[in-house]
Each structure stands twice: as structure tokens, then as C-alpha cells.
Amino acid sequence: MRLTAVLFSFLILTVAGAAAQDRPAAVQVEVRSADGPVAGATVRAGGFEVRTTAAGIARLTLSAGRHTILVTHTGFLDASHEVDLVAGQSVVVPVDLIRAPTVEEEVVVVTSTRTGRRIEDQPMRVEVLGREEIEEKMLMTPGDIVMMLNEMGGLRVQATSPSLGVASVRIQGMRGRYTRLLSDGLPLYGEQPGGIGLLQIPPMDLGQVEVIKGVASALYGAGAMGGVVNLLSRRPGDEVQREILLNVSGRGAADGVLWWSAPVGDRAGVTLLASGHRQGRVDVDDDGWADMAGYRRGVVRPRFFWGDDAGRSVFATVGITREERTGGTVPGRVLPGAGTPYREALGTTRADAGVVAQTVLDGRFVTTARAAVTGQWHDHTFGDVRERDRHTTLFGEVAVRGSSGAHTWVAGAAIERDAYRPTDVPRFAYALTTPGVFVQDDVDIRPWLTVSASGRLDWHSEYGFFASPRLSALVRHGGWTSRVSAGAGFFAPTPLTEETEAAGLSRLVVDGPIEAERGRGLSIDVGRTVGPLSWTTTLFTSRVDDPVIVERDEEYRLRNLDGRTTNVGGELLATWRREPFAVTGTYTYVRAREREGAAVRDVALTPRHSVGVVAMAESEDRGRLGLEIYVTGRQRLEADPYRTTSEPYVIVGLLAERRFGRFSLFVNGENLTGVRQSSWDPLLRPSRAVDGRWTVDAWAPLEGRVVNGGIRIWIK
């Protein structure tokens, strides 16, 4: 009996001790400055994020162990405080903020990796384009994000259809279909948005752009084998804001964009983007073919934001886009090789809706739910051939984030359904469902070493199970920062590729079943900041087995390459900032090759060398003045009767904006060197290609020199 009593007492003490260890600690952070309590400061710790009240207080519930509490607020220097917490403890942490003495450095928090860490604390490299840079590109092309993405190092926006101006984003030489395009983490532009999606996104309501380069299937599944581009919304302020942009171009374009935001009570806000865009068909080289397609487009997108001090939030959006785009021969002209007019047109209607909700469970775990639905209707005309289709995407995801000591972890499940219904070529219809589960753990092993391990298991209704692991590490020492990241992923192929988007599906031949594409990649980067100069060097390599290709030599055929594609290269990014000046230089080297048996060749339309230099002088009160120079190296060409290798070219641009109180005037000169592909060879082929196209691929600008200008108006 005595032994039983002792064992029973020991069991009770053990259970009680375990329960005590599992109890969280209550932390009250009191944020002050020399002027008193600081309201609205952001407090982050253990994967949680809350804002201080009017009394400067934020309350967190954290697990036992060591935590770093980070406090940020616009106009103040960052402050951090390390605390060792005991289970069940209640502790008060005072934090003093110091006002930034000179230049305000904005704290950049990355959302694409799901942990909500600052960019400098991410083991996985994420490149961020802030609102300032977005505004610069917005003045150049107010109607789309093509130029904004094309001028980021390692990214190339490749024209896929010279007839309609359609393009796709290639990351580090990987084909555009491997790039996952998201809006606030939601696939609002579909599972495979294609090149037309980039041309229909006005940048006015974007607050930040995040880019993950390399295999990211461990985070976002099948569509992210080349990387992720996540467009984050511009949030409403504390008072009503209205911004209007009117733009005209010397090539017949006109844009009108309205962005409106307003607070709703103390915790909510709404924004509205409404825009109209038009472009006339322009035959720059007077060969009878429109080098610039004509279009008429309207976009409406309201957004709703709500959040409280406890970390709960809701974001919702809907969007409607309607566009009619027309290319081919200009009115009154005929094809030289056929003697008849040729019209290519694309009508697009897209409607989407998405919601992101976040809440805190048991004071310890952050739960996030995402859902989206997108419908796209296309009506494509290729001369006398008509191809209509309906493309729908359904998406849902639930994830839980928490922390325990040095660990910040995320686990969740997602499901996506992608359905394509072509009316006129029904043999290419498909409906694919992909549920998956994922997990990620970021571990702060030492103050100088952070490791992130993530993995995802997907079941594809057509191709079965796929495992996508990824491992990243961040090392900081003596002012140097280095990241290493390796991962594997997959892509579930469909008939929709860059080539079929340009030529259609009517003539496409598929001899047998298409296998899934599997890829893996590795990247290493090293960076440092010394005074006003910061730089990063990146080396990367990737490999895709059984890649899907489209042959266009003797037959228009879709098949798996009996081999692989490999990408090897490097990037150099350097930025020098000293107010009011900033200079950024980029250099990218990519050697992308296709290997089949003993045959090895460069991937088409992938320049090995790309250089960019952007110099900007900016004053918030007076305006900005910028100079851009871009050099594009030679590219291998395919299915081109005039040449097999392109010419290198240099593009120069100038931007000037002058602000006068609540309005500004701007003028932008793009491609002032007047580079045009038709200066070397005709765009039109001497005869129709096997895929039905009358043009060669676009490897250089078609429109030549373009000057645009307009006015921005701010109304409060």
C-alpha cells in the first residue's frame, strides 16, 4: 500500500508538472517614447503580431522559453527585447522607442513564407519591391505590372504572342508556367493565369510585391516550381484618401485609374480600384501588321480590411475585369503572303473573390483560413478559327502558426480545383483536384544561425502523390548575411503553355499521355551592407526532369522531352542610397539548356546576360527624376526563318515627375534608343507556320520609342 501511495503521488506530481510546463506565460509589453505611451506600435513575438492600445500596451500569450520581442513603429527605430519565460508566469516588459534621427527605414515584413518574419530574419530569400518602387513603374505603365516585374533582377517578362502583346514571367530562366502568381496569397488570377493576366493588373492598389525565386512547391504546391510572385494590397489609412491618375501615350494609349480608401470605424477600412484603359492598333514599321495590339479594358476591385488588437483580422476582395484585345492586320491592309486580311482577337471576362481570416486560439496559436474562387471566360479568334473556353479555379486553405522556444512553426492543409472547359476543342478539357498538407518549422538555433525546414505532400487527381521538401538556412556574422536554400517540387502539365496560348489548340497534336514534370533547385547568396552601399550575390542551379515542350519545326506537337532542362547562373544586386539619390545595378547570368540524348541546346528566348542600372533622385515635396539603362544579350531562337540567334540591344528610359501640392505632372520616355525587332528582320513570316502563326517570336521590343505623360491628383 505504501508503495502504491508513493507511485500514485509520483504520478500526480508528474502530471501536475507536465501541465504546469504546458501552461503559457502572459506578457504585457508597455511601449513608450520620450513623448509618452506609443499607440499603434506593432509588437511581434513567437509568431504573433499585435498593436499597442492608446495606453501603449500590447498583451501576448507565449509558450515557455526564450523569446525575442520586436517592437516597430513608423518614425521610430526598431527595438527588441529578449525575455526568458517560465510556464504560467505573468511578466511586464517595458520597451522604449527612439525616434529615427534622419532617414526613416521602413520595416519590411514578409508574408509569403507564412511565418510573418522581417525580411532580414527570413532563412529563405525573399525579394521585396516596396510602394516607392511600385509608384515609379506605375507612372510608366499604369495599366499593367509587366514593366514592374521585368525590371527586377532575375525576372524576365517574355512576350509569348506578338499578335496580342501577351507575356509571361520567367524566373531565373525557368519557363513562365512554373511561376505562381498570387494576390495576398490567393490565386485570384487562376491556377495558370497565362500571359494575359499580367496585362490586366493595374499597380495603383499594390502596396508591396514579394518574389521567391527557385522551387517553392513546399509552400505553394504544383504551380510554384519556378518561384512565387505575391502581390500585396495597398492598405487604407486613418482618413479618406483619393488618388487619380490620367495618362496618355504617343502610341495611342490612354489610362484612367482611381484609388479610393476610407476608414470604417476604428478597426476597419475599405479601398476601391476602378480603372479604364485603351490602346489603338499601331503598325510601327508600316508592313500592314499591328506591332501593338489594340484593346479596351475595364477593372473594378473593392477590398475590405478589419483587424483588432488581439491579432484577429479579416480581408476580403472581389474583382471584375473585362477586355477586348485585337491584333493582326490593320484596317485596309492584307497579309503579304496571303493577300487577305487576318484578324486575331481575344475577349476576356474574369470575376474573382477571395477572403483571408485570422484569429488567435487559446491565446497561443494563430489560425489563418484562405479561400478564393475565380472564373475566366475567353473568346479567341485566329483568322477563321474560333476558340472559346471557361477556366475556373477553387481554392481553400487552413493553417495554424505557433511558437515554442526557438521554434516558429506552421502546419496546414489546402485543396485546389482547376477546371478547363474549351467549347470548340473539347478534347483538351480537364478538371484536376489537388489536396495537400504542409508543415514548416523555423528554428533560431543561435543568434547568428536560423534554419527553416518545410515539406508538402500533395495528391493530384491525375498524377498521384508528390512530396516537395525544402531546407533553408540563414547565417549572419560580422555584417555579412548568407542564405542557402534547396528544394524539390513538381508541375502538373496541361495543354496550356506559352506556345499554345499564342497559337491556340486547334492544330495541336498530342500523341500520348503527358508525364508530370519534376524539378529541384539550389541557391546560395551572400550579402553585406556598408554605409550607403548594400549588395547581394546569388548563385543558383535547377533541373527539371521530363519537361513538357512544344515542337514547332515540322509538326505542332506537345510532348515530354526525353531528358531534362538545366539552369545554372548567378545574380548580382547592388544598391547605393544617399538621400535624395539612389542607384541600383543588377546583373544576371543564366545558362538554360535542354538535354535530350546526346543533343544539348540553349532554351529559346533566354538571354545569358542581362544588365540593368536605375538611378533616381526623389523628393517627397518636389517630385522625382530617374534614368534607366537595360542591356539584353543574345538569345537562341526557334522556328524563325530569318535567324537562329538574336542580336543584343540596349534600352534607355527617362522619367520626370514634378509635384505641385496635391497634384503632380509626369512624363516618361521608354526605349529612347528606339530599339525595334523589325529593324533587323521582319516580324511577319514569308509563309504560315505549322502552328498557324504568321509572326516569328518576339525577342526584342516591337513598339520602338514610346513617350507617355499625365497627371496624378491626391484628394482628401
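Q: A salt bridge is a side-chain nitrogen of Lys or Arg within 4 Å of a carboxyl oxygen of Asp or Glu. How many salt bridges does this rule give here?

A: The count comes to 60 salt bridges. This is a predicted model, in which local features need pLDDT of at least 70 and side-chain atom pairs count only at pLDDT 80 or more, while totals for chains, interfaces and linings use all residues. Residues are numbered from 1 along each chain as its sequence is written, and side-chain values use heavy atoms, without hydrogens and water.

Q: Which residue forms a salt bridge with Arg-370?

A: The partner of Arg-370 is Glu-397, and their closest N and O atoms are 3.5 Å apart. Strands are DSSP runs (E, at least two residues), as helices are (H or I, at least four), numbered from the N terminus. Arg-370 belongs to strand β21 (residues 365-382) and Glu-397 to strand β22 (residues 385-404), so the bridge ties together parts 27 residues apart in sequence.

Q: Are Arg-370 and Glu-397 buried or exposed?

A: Relative accessible area decides: buried is under 20%, exposed over 50%, and partly exposed in between (1.4 Å probe, protein chains only). Both Arg-370 and Glu-397 are buried. Another salt bridge joins Asp-458 to Arg-456, with 3.0 Å between the closest N and O atoms. Asp-458 has 2% relative accessibility and therefore counts as buried; Arg-456 is buried as well, at 10%.

Q: Where do Arg-552 and Asp-697 lie in the chain?

A: Arg-552 and Asp-697 form a salt bridge whose closest N and O atoms are 2.8 Å apart. Arg-552 is in the loop between β30 (548-551) and β31 (557-560), whereas Asp-697 is in the loop between β38 and β39; the pair links distant parts of the chain, 145 residues apart. Arg-552 and Asp-697 are buried.

Q: Which residues are linked in a network of salt bridges?

A: Such a network links Arg-131, Glu-135, Arg-234, Glu-243, Glu-618, Arg-624, Glu-657 and Arg-712.

Q: How many aromatic pairs are found in the whole structure?

A: Rings of Phe, Tyr and Trp (its six-membered ring) pair if their centres lie within 6.5 Å; planes under 30 degrees apart are stacked, over 60 edge-to-face, the rest tilted. The search finds 9 aromatic pairs. In one of them, the centres of Phe-305 and Phe-315 are 5.2 Å apart and the planes stand at 50 degrees, so this pair is tilted. Phe-305 lies in strand β18 (residues 294-307) and Phe-315 in strand β19 (residues 313-328), 10 residues apart. Phe-305 and Phe-315 are both buried.

Trp-680 and Trp-699 form a tilted pair, with 5.4 Å between centres and 40 degrees between planes. Trp-680 and Trp-699 both lie in the loop between β38 (663-670) and β39 (706-715), so the pair ties together parts 19 residues apart in sequence. Trp-680 is partly exposed at 34% relative accessibility, whereas Trp-699 is buried at 2%.

Q: How many bridges join strand β16 to β17?

A: Two strands pair if DSSP finds at least two bridges between them. Strand β16 (residues 253-264) is joined to β17 by 12 bridges, and the two run antiparallel. Ala-262 stands opposite Val-270 in β17. The hairpin of β16 and β17 has 3 residues between the strands, and there Gly-265 takes a positive phi near 70 degrees. β17 also pairs with β18 in the antiparallel sense, over 12 bridges; Gly-276 has Gly-298 in β18 as its bridge partner.
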